[in-house]
Amino acid sequence: MRTANLKGRLVVVVSDTAGGDTAVDVAEASGGRFAADPQEVFAEWDAFRDWAAGLDAAQGAPFAVEDLGPPVPRPSQVFAIGINYAEHAAEAGYPPESAPVTFTKFPSCLAGPVSDVELPSETVDWEVEAVVAISRDAYRVRREDAWDHVAGITLGQDLSERTAQLAGAKPQFSLAKSHANFGPTGPWLVTPDAFGDPSDLAISCSLAGETVQSARTSAMIYDVPELVVRLSRVCRLFPGDLVFTGTPPGVGNARTPKRFVRPGEVLVSELEGVGSITQRFVAAGGAP
């Protein structure tokens, strides 16, 4: 199942016989049983998933991907994981056995799959990531039960302003990664059962037509179940929370010479079984 946020309303995206996608408005199709708000559905995720299994493309209507917002628009908590691929740990100067760095991206930075991003400085970097949404309360979850607490997988970018992130003895990871539209996600949320193996997906991104990151999520040091175990050992996770699971190697800050995003450039990110998101960068003040 694929769920999306279409102009602020919850929809289920269904493929038609011609291979195209249509959007079924959940509130209308359910006769009000489920709310139009995309965030509210996580409180009833199991019931919603069972109901949605009976939908078909004839109940939907065409839509434009540009009209999609973040599939999880207002999570109560956003966990972000750093240093979760061995090659990225190496390029960032961390030992491969490092425990993943955990920080947050403040929810106000979330954006939909197609967005313009204003550059606050000349040191903005890319980090393509698989992102998971939590389906139910999770506290001290056992590894074998972890996937049962995941509503779905989406694609995200953990855009990062490196100057503030790395400056000084007390770096500002969370603030530097939470500028407006620095957390684009989408195009939709896909339930784990839609994948042959949700732990092994091709992930990549290209900047100005050049592939800059390419890997598989199976290369994570700590996979999704392990992240759910470790996070829930400390914090109670709530339905609709997000976890950015870490980025593979290839970030601009680790290159020689360093490479950062420039005004006018376009970043296209892809995740197998989910789709793609596209960000266009503009200079401060909105000029290309």
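Asp200 is partly exposed, with a relative accessible area of 27%, where buried means under 20% relative accessible area, exposed over 50%, and partly exposed in between (1.4 Å probe, protein chains only). Arg216, at 35%, is likewise classed as partly exposed. The side chains of Asp200 and Arg216 meet in a salt bridge of 3D distance 2.8 Å, taken from N to O, a salt bridge being a side-chain nitrogen of Lys or Arg within 4 Å of a carboxyl oxygen of Asp or Glu. This pair links distant parts of the chain, since Asp200 lies in the loop between S13 and strand S14 (202–207) and Arg216 in strand S15 (residues 210–216), 16 residues apart; helices (H or I, at least four residues) and strands (E, at least two) are DSSP runs, numbered from the N terminus.

The structure is a predicted model, in which local features need pLDDT of at least 70 and side-chain atom pairs count only at pLDDT 80 or more, whereas totals for chains, interfaces and linings use all residues. Residues are numbered from 1 along each chain as its sequence is written, and side-chain values use heavy atoms, with hydrogens and water left out.

By the salt-bridge rule, the count comes to 23. One of these joins Glu127 to Arg162, with the closest N and O atoms 2.8 Å apart. Glu127 lies in the loop between strand S9 (124–125) and strand S10 (128–134) and Arg162 in helix H4 (residues 162–166), so the pair ties together parts that are 35 residues apart in sequence. Glu127 counts as buried because its relative accessibility is 6%, and Arg162 counts as buried at 7%. A further salt bridge is formed by the side chains of Asp158 and Lys177 (2.8 Å, N to O). Here Asp158 is in the loop between strand S11 (150–157) and strand S12 (160–161), while Lys177 is in the loop between helix H5 (173–176) and strand S13 (183–190), 19 residues away. Asp158 is buried, at 0% relative accessibility, and Lys177 is buried as well, at 1%.

The protein is divided into domain 1 (2–63) and domain 2 (78–282), with bounds that come from an automatic or database domain assignment. Taken over C-alpha atoms, the centres of domain 1 and domain 2 are separated by 26 Å. The contact takes eleven residues from domain 1 and twelve residues from domain 2, contact meaning heavy atoms within 4.5 Å. The area buried between the two domains is about 890 Å², of which carbon and sulfur atoms give 63%; buried area is the accessible area (1.4 Å probe) that two parts lose on being put together, summed over both. Arg2, Phe42 and Trp45 supply 55% of the area that domain 1 buries against domain 2, more than any other three residues. Between domain 1 and domain 2 the count is one salt bridge.

Asp67 lies in the loop between helix H2 (45–52) and strand S4 (68–69), and counts as partly exposed at 32% relative accessibility. When residues up to four places away in sequence are not counted, Asp67 touches Asn5, Leu6 and Lys7. The C-alpha atoms of Asp67 and Asn5 are separated by 8.4 Å, although the two residues are 62 residues apart along the chain.
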